[in-house]
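Please open the model in a viewer and keep the selection tool at hand.

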Amino acid sequence: MSETLKEKTAKGLFWGGLSNVAQQGIGLVFGIILGRILSPHDYGMTAMIWVFQLVGSALQESGFKSAIANLKNPTEKDYNSVFWFNIAIGLLCYTTLFFCAPLIARYYHTPELVKLSRYAFLSIVFASLGTAQSAYLFRNLKVKEQAKSAIVAILCSNVVGAVLAYCGLGYWALATQTVLYVALNTLQLWCYSPWRPNLHVDFGPALKMFKFGSMLLATTILDRINMNVMNVLLGRYYSAIEVGNYNQAYMWSSKASYMVQGTTNQVVQPTLTNVSDEQERQMHIFRKLVRFTAFVCFPLLFGLGLIAREFIVLALTEKWLNSVILLQILCISGAFIPINNVLSNLIISKGRSGVFFLSTLALSTTLIIAMIATHTYGIRLMAVTYTAIYIVWMFVWHRLVNKLINYRLSMFLKDVVPFVLISAAVLFFTGFVTRHIESLWLLLVLRVVMSSLLYVLVMKMAKVKIFNEAMEFMKSRVKKTPF
């Protein structure tokens, strides 16, 4: 049993990682294409309404994916109840937002948002059709199937988005890309999930799960507001162009951050739930997940910050230069967010959705107050404040975890700090050595290659266990994994 769970977790990390690398790689290519074609105004228009799409999607999902994962033996009746409940909520959310579109446009002083909102919010309806299938795959650690679904959907939707942008459709291309992605991903989930609904509509099991799921729902809504609070306030107090510049920076930092977070999200909660009755084993697995996350996220995000200027200018052209400093700031917070995510997933696996909610509510309140207090001092200070709060909140999550599994601060620092220091030192040295190079192309290549080689060298010289384990597993999976 131990080996089976270990293998499932390792395979989940492999496929989750492969999926996220592929998705972010596709996003990188098409993000560059779209960034060169579209303007900051186009990105600003979609960024203003993005938080409403995220909240609507969270409402239709209602936390049932995690609620089902926490059930020891979910039944056919449970899945069927969730399926019909999610469709009902999805339709209700879309209808509500459809009629609220004029209010959204009025808040941002942008009448064009009425039609754009009503079109973009269709993604909520499409998402509701696949929640039960997604929950089935998630519950059974079918990460490979989820990976294939996401990769096909993101590739096709990005191709269509790029074609529409080239044809001059501006922000409508970005909205279409999102709607199509959700629709195609839902279709793929139906293809890979063996579970099928029946016409017996019974909301009873779903309502029973809602006590657990409702806390996750409220938390998810708050979390999505937290991640997009800058867009909401910037859209109110600044122009669409300035919102677009911030959104471009946030998009690239979040792509890198989610590459790590999306990998661990596929396995953290199901794995920890499976060993929730074995405290020592759970601690061992949890610490290894924290170390793996730190091992990947800090060099990746700090590295992106190092090459931010070269990347923005070469890939997106100088029209996005105002995004550079914002990207560098957000890369710092982006490096800590995956750690926060692993910590909070431990709380969920323990069934403490109420604790999860209260912490996220406190974070949301702090962020909103801080952003409103600093908005008159400029976007940069808002970004710095946003970053500082997320770093501080990592220790709040740790304290909550410590109360549940006795994960002491000394243990946490031992698992995380070495990777922070090594990454910072390697990238500082790389930046110092290459600071006089004038060619942006040469500077970009040298910084990426040098920092990567130095990081690997330090990991080998220090005989870091998580590095050696990751390399050995990758080698074994590459040899025997059929695509």
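**A bent helix**

Begin with helix H4, which bends by about 50° at Cys-100, with a proline, Pro-102, following within four residues. The bend at a residue is the angle between axes fitted to the seven residues ending there and the seven starting there. Helices are DSSP runs (H or I, at least four residues), numbered from the N terminus. The model is predicted: local features need pLDDT of at least 70, side-chain atom pairs count only at pLDDT 80 or more, and totals for chains, interfaces and linings use all residues. Residues are numbered from 1 along each chain as its sequence is written, and side-chain values use heavy atoms, with hydrogens and water left out.

Now select residues 76–108, the whole of H4. At 1.5 Å a residue, its 33 residues should span 48 Å, and the end C-alpha atoms are 45 Å apart, which agrees. The expected span is 1.5 Å times one less than the number of residues. Just after H4, select His-109, which takes a positive phi of about 60°.

**An oblique pair**

Next, select H7 (residues 131–139) and H9 (residues 171–192), whose axes come within 9 Å and cross at roughly 55°. Axes are lines fitted to C-alpha atoms, for helices over the stretch in contact, and angles run from 0 to 180 degrees between N-to-C directions. H7 and H9 are therefore oblique to each other; angles under 35 degrees count as roughly parallel, over 145 as roughly antiparallel, 65 to 115 as roughly perpendicular and the rest as oblique.

Which residues make the contact? On H7 they are Gln-133, Ser-134 and Leu-137, and on H9 they are Leu-189, Trp-190 and Tyr-192. Contact means heavy atoms within 4.5 Å.

Move on to H13 (residues 279–306) and H15 (residues 324–349): their axes come within 8 Å and cross at roughly 170°. That makes H13 roughly antiparallel to H15.

**Towards the last stop**

Finally, select H17 (residues 379–405) together with H18 (residues 409–433), where the axes come within 10 Å and cross at roughly 130°. That makes H17 oblique to H18. To view their contact, display Met-394, Phe-395 and His-398 of H17 with Leu-409, Phe-412 and Leu-413 of H18. These contact residues divide into five nonpolar, one polar and no charged. Ala, Val, Leu, Ile, Met, Phe, Trp, Tyr, Cys and Pro count as nonpolar, Asp, Glu, Lys and Arg as charged, and the others, Gly among them, as polar.

H17 itself has 27 residues and reaches 39 Å from its first C-alpha to its last, close to the 39 Å expected at 1.5 Å a residue. Just after H17, Asn-406 takes a positive phi of about 60°.

Conventions:
Helices (H or I, at least four residues) and strands (E, at least two) are DSSP runs, numbered from the N terminus.
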